Amino acid sequence: MCPICKSEKYNSVGIPKLDEKSKKIINKEYQVVQCIECKFYYVYPEIELSSVEWKLLYDENYFTEQTDWYKRIRAKHRKQRIEKLNTLCENDVKNFLDIGCGEGYMLLEAVSNGWIAYGVDITDNRISESNNSKISFVNSDLLSAKFPDDFFDCIYMDSILEHVLNTKEHIHEIKRILKKGGVAYIGVPNEDSLQNDIKKFLNIITGHKKYSPKIKPFLSPYHVSGFNKYSLSSLIKKSDLKIELLRNFSTKSVFRMTTFASKDFLPAIFLTMINLIALLIRREYYLETYVKKK
Ligand SMILES: [Zn+2]
């Protein structure tokens with residue numbers, strides 16, 4: 001059953017790929033499916049892993065090393081998003097929350113803007129600069145953190161929703177803890193990107209048609225839920241939040257990253273071409289949305 005709209009109808013997208021590590025943990029027949037009603041991608045039957053098993057999967061090298069160029073792009077994105085949140089909140093922000101705050105760069109950005117910053121994450125990966133008394137950190141998942149009702153002016157959640165099975169509960173929780181008129185930023189990968197179509201094509205020509213080219217629940221970076229523009233907007237509308245902006249973006253960054261990171265010239269050119277086409281037809285890697293509590 002679809003975890004978002006409860007529909008029983010789905011199409012199979014393929015079976016999830018496993019590697020040596022996940023083969024030792026996964027002993028059930030799962031498939032990646034797409035809900036016919038709301039277009040959400042999920043794993044069926046529902047994944048049953050203990051927290052110890054998840055920990056085993058996530059344990060190594062989750063934070064990959066980033067180039068200086070990519071770090072600069074990330075910093076630019078953070079500034080732009082803080083500005084956009086500020087504008088949508090009419091320059092009246094007091095309490096800010098970063099869900100899955102990682103190293104804490106966004107918390108530092110919020111503090112430098114004069115905001116009161118809160119971070120929540122299941123693991124504390126904060127760098128020393130963001131580990132100080134100005135920042136309140138809660139070491140848990142969002143639902144267990146139990147923040148008060150109507151508390152935050154701004155909430156930031158980038159690349160988190162695709163990692164959780166209970167996406168609907170997360171959106172409801174964001175709505176509960178946002179103040180009236182408060183704004184949340186949500187960023188997720190776009191499963192209907194052109195790049196995933198190419199993956200599907202490559203799976204077919206290499207005789208791996210049975211494997212899903214969408215969400216990879218048991219391979220790093222462990223995406224168990226998948227969105228396209230339609231399913232993301234229907235999830236938000238169901239929770240009665242107002243979409244201020246919803247867009248597909250980021251090919252430019254990714255294509256420069258892949259080009260510069262790649263030591264192989266030909267694959268880099270190939271990727272650059274695909275990414276340029278994705279940009280032109282608006283089928284890029286990521287989706288981002290700003291939503292307001294009415
Ligand atoms: Zn659905």
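A charge is said to sit over a ring if NZ of Lys or CZ of Arg is within 6 Å of the ring centre and within 35 degrees of the ring normal. By that criterion the charged end of lysine 17 sits over the ring of tyrosine 211, 5.4 Å from its centre, and the charged end of arginine 126 sits over the ring of phenylalanine 137, 4.1 Å from its centre. This is a predicted model, in which local features need pLDDT of at least 70 and side-chain atom pairs count only at pLDDT 80 or more, while totals for chains, interfaces and linings use all residues. Residues are numbered from 1 along each chain as its sequence is written, and side-chain values use heavy atoms, with hydrogens and water left out.

**Zinc site**

- The zinc ion is coordinated at 2.3 Å by the SG atoms of Cys2, Cys5, Cys35 and Cys38, where donors are N, O and S atoms within 2.8 Å of the metal (3.2 Å for Na, K and Ca), and sites may look incomplete because water is not among the atoms.
- The angles among the four donor atoms run from 99 to 117°, and the site is tetrahedral, a label that four donors receive if all angles lie between 85 and 135 degrees.
- The donor residues follow the spacing C-x2-C-x29-C-x2-C in sequence; cysteine 2, in the segment before strand E1 (10-14), and cysteine 35, in strand E2 (residues 31-35), are 33 residues apart and link distant parts of the chain. Strands (E, at least two residues) and helices (H or I, at least four) are DSSP runs numbered from the N terminus.
- Cysteine 2 counts as buried at 0% relative accessibility, as does cysteine 35 at 1%, buried meaning under 20% relative accessible area (1.4 Å probe, protein chains only).

**Aromatic pairs**

- The whole structure holds 13 aromatic pairs, that is, rings of Phe, Tyr and Trp (its six-membered ring) with centres within 6.5 Å, classed as stacked if the planes are under 30 degrees apart, edge-to-face if over 60 and tilted for the rest.
- Phenylalanine 40 and phenylalanine 227 form a tilted pair, 5.2 Å centre to centre with 55° between the planes, and both residues are buried.
- Tyrosine 156 and tyrosine 185 are stacked, because their ring centres lie 4.9 Å apart and their planes at 20°.

**Threonine 167**

- Threonine 167 lies in helix H6 (residues 167-177) and is buried, with a relative accessible area of 0%.
- Its contacts (heavy atoms within 4.5 Å) include Phe40 and Phe227, not counting residues up to four places away in sequence.

Terms used. Buried < 20%, exposed > 50% of the residue type's maximum accessible area, 1.4 Å probe, protein only. Tetrahedral: all angles 85-135°; square planar, octahedral: opposite > 155°, others 65-115°.
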